[in-house]
Amino acid sequence: MSKPVTLPFARILIVCIFFNVTVPVWAQQNHLFKNNLVQPRMRVIIDNDFSGDPDGLFQLAHQLLSPSVEVRGIIGSHLKPGDGFDNSKTQADNAASKARELLEIMKMMGKVPVIAGSNVGMVNDSTPVKSKAVEFIINEALRTDTKLPLYIVCGAGLTEIASALLTQPAIASKLILIWIGGPEHPGMAVPPPNFTPLEYNLGIDIYAAKVVFNRSSITLWQIPRNAYRQALLPYSELLSKVRPKGQLGEYLTEALEGLMGRIVKYVNIGETYILGDSPLVLLTALQSSFEADPSSSRYALVHAPMITDQGLYQYNPMGRNIRVYDSLDIQMMFNDFFAKIELFNR
């Protein structure tokens, strides 16, 4: 019986260049380690509001530098109408443009599809929006030519995944949704000082959250406000471990410093910034080697609450079990990011 042949990255690259074949993104990611010891073990679709808080750009760069995930697509999503980050009517289009800008800096342009989602939220919890991003999610979830599990990692509103679930309910059993959003769960954490009852990401599209929590059976790993607020990056580490790392480091630093400069006249944010979307990388790329799972972070299984019209939780004893993370391995997450951006810059 003939044995399968494994080609190291360099040979894959030579073959692809010779025959004008696009190098798969995971192969480019693997080039960080100069060998083929790390292989993809999951597919990921990234869905984020990249024209908003720059934490999404940090998450996107980190995910693209992680060879254990095969990034299948990047979706730019909308914010609330009139949002201070981007008050245009083309927020999803702008988000997709920012994602392409980052890909160009990382020399990955054309390696991963970038798709703009809907520029508006859902009008109710039963009518899906229509977009190429929704179609992309459905098509990827229904693939039968791969055994790699599919994760949708979402650092903003839930418009696209909710619309995909309404359009094709069968995909609920074919993927895992990891979502940054939602307020603290009663009994698990207390809200921060001067909190707003309506958490930011949930408030982007309350109807979409109602679809995901109230009407679907999708496997959900939630990272609520008390958990994502743990992802604190000191400004000192931004300057010492990110800024010096080539064009990518400068780009990310300038994106964050630009925001700091705009808001300093309104609020004193001190010397840390919450990179609240980066846990999406922690729970995917940095899962344990054996019995793969985000084993260094802690979660509780809770009944999925009902989401009210006001975007608040209502206890639902019949709700399916969802993972709610309350403690994240922030040290490993940031150390991995610093190491990968260092390797990328060599």
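In which sense do strand 9 and strand 12 pair, and over how many bridges? Select both: strand 9 and strand 12 pair in the antiparallel sense, over six bridges. (Strands are DSSP runs of E with at least two residues, helices are runs of H or I with at least four, and both are numbered from the N terminus; two strands pair if DSSP finds at least two bridges between them.) Zoom in on A300 and you'll find V324 of strand 12 opposite.

Before moving on, a word on what you're looking at: this is a predicted model, where local features need pLDDT of at least 70, side-chain atom pairs count only at pLDDT 80 or more, and totals for chains, interfaces and linings use all residues. Residues are numbered from 1 along each chain as its sequence is written, and side-chain values use heavy atoms, with hydrogens and water left out.

Now show the open sheet of eight strands, which runs in the order 3-2-1-4-5-6-12-9 with mixed pairing. Its edges are strand 3 (114-116) and strand 9 (298-303), each pairing on one side only. Neighbouring strands here are turned by 25° against each other on average, direction ignored (axes are lines fitted to C-alpha atoms).

Next, pick strand 12 (residues 321-327), where five of the seven residues are buried (buried means under 20% relative accessible area, with a 1.4 Å probe and protein chains only). Strand 12 also pairs with strand 6, in the parallel sense over two bridges, and W221 stands opposite R323 in strand 12. Go on to strand 5 (residues 176-180): strand 5 and strand 6 are parallel too, with five bridges, and L177 faces L220 there.

**Stop two: aromatic rings**

There are seven aromatic pairs in the structure (rings of Phe, Tyr and Trp, the last by its six-membered ring, with centres within 6.5 Å; planes under 30 degrees apart count as stacked, over 60 as edge-to-face and the rest as tilted). Select Y151 and W221, an edge-to-face pair with 5.7 Å centre to centre and 65° between the planes. Y151 lies in strand 4 (residues 150-154) and W221 in strand 6 (residues 219-223), so this pair ties together parts that are 70 residues apart in sequence. Both Y151 and W221 are buried.

Then try F334 and F338, a stacked pair at 6.1 Å centre to centre with 15° between the planes. Both lie in helix 13, four residues apart, about one turn of the helix.

**Stop three: the cavities**

Which residues line the second largest cavity? Select F58, H62, L275, S278, M333, F334 and F337. (A cavity is a set of points on a 1 Å grid over the protein atoms alone where a 1.4 Å probe fits but cannot get out; lining residues have an atom within 4 Å of a point.) Helix 13 gives the most to this lining, with three residues. The volume is about 30 Å³, counted as the space filled by probe spheres set on the points.

Finish at the largest cavity, which holds about 50 Å³ of space. Residues lining the largest cavity include L233, Y235, M260 and Y273. Strand 7 (232-234), helix 10 (235-242), helix 11 (246-263) and strand 8 (272-274) each supply at least two residues of that lining.

Definitions and conventions:
1 Å grid on protein atoms, 1.4 Å probe; cavity = no way out; pocket = protein on both sides within 12 Å on 5 of 7 lines; lining within 4 Å. Buried < 20%, exposed > 50% of the residue type's maximum accessible area, 1.4 Å probe, protein only. Axes fitted to C-alpha atoms, helices over the stretch in contact; angles between N-to-C directions.
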